[in-house]
Amino acid sequence: MKLLRNVLLSLSVCLPLPLLASALPDDPHIVVQGYGEVEALPDSAELRLQVSDTQSTASAAKANVDRRVAAVLAAARAQDIADTAIRASQIRVHPDYVWEDGKRRLRGQRVERHVDISLADLSRYGDLVDGLMAAGITELGQVQFVVADRDVLAERALLAAVADARQRATLLANNLGRKLGKVYRIDASSAPAVPRGNPGVMMMEAKASADAPMLLGKETVSSRLSLVFLLD
């Protein structure tokens, strides 16, 4: 029993204080932590682009921006992107100044509009970018490649953490000459599933051609939990 108490002490030092204070049974038990993670390649993308123009009058610049935004929407719809996956911001109008010989000169009125597009089918990414470039977008900023259904990854990571905890507990029980009994308590609230990834890979500068390669990094979702097993 002394050995068992020592094992429990060594396993419990990293557990939350509330669990140690009130959640441990009086019967012989083992407290373990489980860890699980799953990886998945991104299957969708979020694009943010801008259409802007500067003219002598705001109305002239707006007419040009409106024409190009309409072409952008047509390019997106040509790739079977629903209107619900397209978000076009309000038009912004402001004076456009330029510095010449130390003096600020009004160049005209600048009109800007941002458009966000959610692409659910990455196989259409290249054709979409080509279509957007042909539509006359001013800037295609960073494109975020993501896993669409991350809830599924979180569930799989949690199940893997449970399996890991059970395997650890079984190994300890066997080495102590005992059998693993029922689960007395599960504490997963202290360590929810956490996404991990390489932002430098997941966020990539969009290129002006569909021929530019996409080097997508995997997204990892991990989960930790604590389990208390009774010993038979």
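**Entry 1: Ser52.** I started with Ser52 and found it buried, with a relative accessible area of 6%. I call Ser52 buried because 6% is under the 20% cut-off. I note here that the model is predicted.

I then looked up where Ser52 sits: strand β2, residues 44–55. Next I checked its side chain. The side chain of Ser52 makes a polar contact with that of Arg110, at 2.8 Å. I also listed what touches Ser52, leaving aside neighbours within four places in sequence. Arg110 is there again, along with Val65, Arg68, Val111, Glu112 and Thr138.

**Entry 2: the cores.** Which residues have the most contacts inside the largest nonpolar core? I found Leu47, Leu49, Val72, Ile81, Ile117, Leu128 and Leu132, in a core of 28 residues. I then traced the elements that give two or more residues to this core: β2, α3 (58–78), β5 (103–119), α4 (125–135) and β6 (139–146). Helix α3 gives the most, with 7 residues.

Beyond four places in sequence, Ile117 is in contact with residues including Leu47, Leu49, Val72, Ile81, Leu128 and Leu132. Its list also holds Glu46 and Arg87.

I noted another core, apart from the largest one. This other core has 10 residues, among them Ala165, Ala169, Leu227 and Leu231.

**Entry 3: β4 and β5.** How do β4 and β5 run, parallel or antiparallel? They run antiparallel, and 9 bridges join β4 (residues 92–100) to β5. I found Val98 opposite Arg105 in β5. The two strands form a hairpin with 2 residues between them. In the turn, Asp101 has a positive phi of about 55 degrees.

Definitions and conventions. Residues numbered from 1 in each chain as written. Predicted model: local features only at pLDDT ≥ 70, side-chain atom pairs only at ≥ 80, totals over all residues. Heavy atoms only, no water. Helix = DSSP H or I, 4+ residues; strand = E, 2+ residues; numbered from the N terminus. Buried < 20%, exposed > 50% of the residue type's maximum accessible area, 1.4 Å probe, protein only. Polar contact = N/O pair within 3.5 Å; in protein donor to acceptor, adjacent residues only side chain to side chain. Contact = heavy atoms within 4.5 Å. Core = buried A, V, L, I, M, F, W, Y, C linked by side-chain atoms within 4.5 Å. Pairing = 2+ DSSP bridges.
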